[in-house]
Amino acid sequence: MQRREHQGNYMRPIVGLTTSVDQQQILKLKSDYTKAVFKTDGLPFILAPTQQELILKEIVSTLDGLLLTGGQDPQPLLYGEQPLIGLEEVDVERDLFELKLIKLMLKCDKPIFGICRGCQILNVACGGTLYQDICREQQSSLEHKQKAAGKYASHSIWLAPNSKLNPDAANKIYQVNSFHHQALKKIPPPLTPIAYAADGVVEAVESTEHRFVIGVQWHPERMFGNDKWTQGIFKSFITAAGCSRKV
C-alpha cells in the first residue's frame, strides 16, 4: 500500500519531478514547479537520475504522474543528429534517465506533463527530433527567449480547439511566456501538434493514444500565480494523475 499525504478524505496523487544535475553533482529544481503541484493538490516527489532498471520500475510503480521539468538541451546523438553550432549545455545522464522513465510511463499509460525541455525530451522519447537552435535553423521571426520576468506572457499561440489544453473551444488564442531556443522538428506518433506560435514554431503537443500526455514549450509554472488558464492546465494534469493511482 502506497503512503500518501491526506487532505481530509483525499489522498494527493504522487507526481515525480525530474531535476537538473550541475557539474558539482548538485540536483537543481526551481520551486515554482513544486508550488504549482502543491497548489493543485498533488504531492511532489523529487527524482534523481538513475540508470538502474529495478529502481526505474519501482519509481514508475510509485508515481501517479510525471512532470518533466525544464533544463539543459537534450544530447543530439540521442535523436540521430550531430551537435550543431548553437547547441547549449547538455546533461546526458539526465537524458538517459528521462528517456527510460518516459517510455515506462507511456507503457503504463500514466499521465505525463512536459515543460520546455520536458516537451523536447518527450518528443525525442517518442522518436522525434529537435531544432538545436531556432534562430540558426528556422530564422524565426519571434523572440523565444523573452527578456521580461517569467510571470509575464511575451507572445501569442494558436491552440487547437479540441485539445486537452483548451477548455473553451471558442477561444483559440492564448498568451504564454517563452524561455527556449530549441523546438520540436520531426514529431512522430502518437504525438500530434496542438499549438503554434505566429512564426510556425510548435508550442505544444499531446498524445492521441494516452489518457494524458502533453508537452508545452512555455513555462506555465512561472505564470501560475496570475493566470487561470495556466492553473487549469496543472489541475487537469493532477486530476489525471489522481485517476491513475492505485487504490
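This is a predicted model: local features need pLDDT of at least 70, side-chain atom pairs count only at pLDDT 80 or more; totals for chains, interfaces and linings use all residues.
Me: What order do the nine strands of the open sheet come in?
Reply: The order is 6-3-7-8-15-14-13-10-11, with mixed pairing.

Me: Which are the edge strands?
Reply: Strand 6 (43-46) and strand 11 (173-176), each of which pairs on one side only.

Me: And what does the twist average from one strand to the next?
Reply: 25 degrees.

Me: Take strand 10 and strand 13. Do they run parallel or antiparallel, and how many bridges join them?
Reply: Antiparallel; three bridges join strand 10 (residues 155-159) to strand 13 (residues 191-197).

Me: Which residue in strand 13 is the bridge partner of Leu159?
Reply: Ala195.

Me: Helices now. Which strands does helix 1 lie across?
Reply: Helix 1, residues 31-39, lies across strand 3 (14-17), strand 6, strand 7 (65-68) and strand 8 (112-115). Its angle to strand 6 is about 145 degrees. Strand 6 is also one of the edge strands mentioned above.

Me: Changing topic: what volume does the largest pocket have?
Reply: About 520 Å³.

Me: How many residues line the largest pocket, and which lie nearest its centre?
Reply: There are 26 in the lining; Ser20, Gly70, Gly71, Gln72 and Arg222 lie nearest the centre.

Me: Which elements give two or more residues to that lining?
Reply: Strand 4 (20-21) and helix 4 (117-125).

Me: How does the lining of the largest pocket split by class?
Reply: Five residues are nonpolar, 12 are polar and nine are charged.

Technical notes
Residues are numbered from 1 along each chain as its sequence is written. Side-chain values use heavy atoms; hydrogens and water are left out. Two strands pair if DSSP finds at least two bridges between them. Helices (H or I, at least four residues) and strands (E, at least two) are DSSP runs, numbered from the N terminus. Axes are lines fitted to C-alpha atoms, for helices over the stretch in contact, and angles run from 0 to 180 degrees between N-to-C directions. Contact means heavy atoms within 4.5 Å. On a 1 Å grid over the protein atoms alone, a cavity is a set of points where a 1.4 Å probe fits but cannot get out, and a pocket is an open set with protein on both sides within 12 Å along at least five of seven lines; lining residues have an atom within 4 Å of a point. Grid points are joined across faces, edges and corners, and a volume is the space filled by probe spheres set on the points. Ala, Val, Leu, Ile, Met, Phe, Trp, Tyr, Cys and Pro count as nonpolar, Asp, Glu, Lys and Arg as charged, and the others, Gly among them, as polar.
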